[in-house]
Amino acid sequence: MQPEREIVNTEKIAARRLSLEEVTKLGVKDRLFISADTAELKLPDCYVPAFLTKSGEDFEGGSITARTVFQEEVSWLPDDENEAGIYLADENGSATIEVLQSAGVVLDLALFVPSGDKGALTALYAAARQAFGADVVQIWRQGLKEVPDVKVDIFEEQIPRGRKGSDSPKRDRRAIDTYPTRADFIEFSAGWKPVVEIHRPIVDDTPTI
């Protein structure tokens, strides 16, 4: 028996390989194609759409970093003949590459269901399947969390360095939110940590005439 061959949805397109000099002239909105032989995909005969993580002119040392549409970051040396290279769609290009297509989108979001009982969740999943087709909407992960009914201030506070108590930590308010679980979904700056406090309205004590 021959082993089963995995079905991969691809599209053949005309393209041309870019040199390092050509890549340095591109911006973060230019659509590229890089090899799908990555840590996540491992498909050496396919290419995948990608975008530069910063303008090409800002890279140094000949190494270019691109982020694929599947959110994987890959570094390449465009002029290295031993690597698959970086391609740009071009009807007059001398190469034909197979581009991996997207099967869909996995949503990573916070969804609030009032009361959150089993009946409400069942109705929600049924409605999603009815809209997108049976067996299309798949529940990979279901993390249910009770949400307190309270308004909070979400800050990011600078992580202190050096001796404790030397300086008061700096903080910036990121959001006023009804539910503190929102802090789980905010990307905080490097060197800063989230702080959640009960919301206290700012009172203006300026005397009036």
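**Close-up views of the predicted model**

**View 1. The lining of the largest pocket, by residue class.** Sorted by class, the residues that line the largest pocket comprise 23 nonpolar, seven polar and eight charged ones, and the structure shown here is a predicted model. The volume of this largest pocket is about 2000 Å³.

**View 2. The centre of the largest pocket and the helix that contributes to its lining.** The lining of the largest pocket consists of 38 residues, and those that lie nearest the centre are Leu107, Leu109, Ala110, Leu111 and Arg141. Helix H2, which spans residues 118–132, gives the most to this lining, contributing five residues.

**View 3. An aromatic pair formed by Tyr47 and Tyr87.** Two aromatic pairs are found when the whole structure is searched, and one of them is formed by Tyr47 and Tyr87, whose rings are arranged edge-to-face, with 5.2 Å from centre to centre and 80° between the planes. This pair links distant parts of the chain, since Tyr47 belongs to strand E3 (residues 43–52) and Tyr87 to strand E6 (residues 86–89), the two tyrosines being 40 residues apart. Tyr47 and Tyr87 are both buried.

**View 4. Arg171 and the ring of Phe155.** In this view, the charged end of Arg171 sits over the ring of Phe155, at 4.4 Å from the centre of that ring.

**View 5. Arg174 and the ring of Phe188.** Here the residue whose charged end sits over a ring is Arg174, and the ring is that of Phe188, with 5.6 Å between the charged end and the ring centre.

Conventions
Residues numbered from 1 in each chain as written. Predicted model: local features only at pLDDT ≥ 70, side-chain atom pairs only at ≥ 80, totals over all residues. Heavy atoms only, no water. Phe/Tyr/Trp six-rings, centres within 6.5 Å; stacked < 30°, edge-to-face > 60°. Helix = DSSP H or I, 4+ residues; strand = E, 2+ residues; numbered from the N terminus. Buried < 20%, exposed > 50% of the residue type's maximum accessible area, 1.4 Å probe, protein only. Lys NZ or Arg CZ within 6 Å of the ring centre and 35° of its normal. 1 Å grid on protein atoms, 1.4 Å probe; cavity = no way out; pocket = protein on both sides within 12 Å on 5 of 7 lines; lining within 4 Å. Points joined across faces, edges and corners; volume = space filled by probe spheres on them. Nonpolar A, V, L, I, M, F, W, Y, C, P; charged D, E, K, R; others polar.
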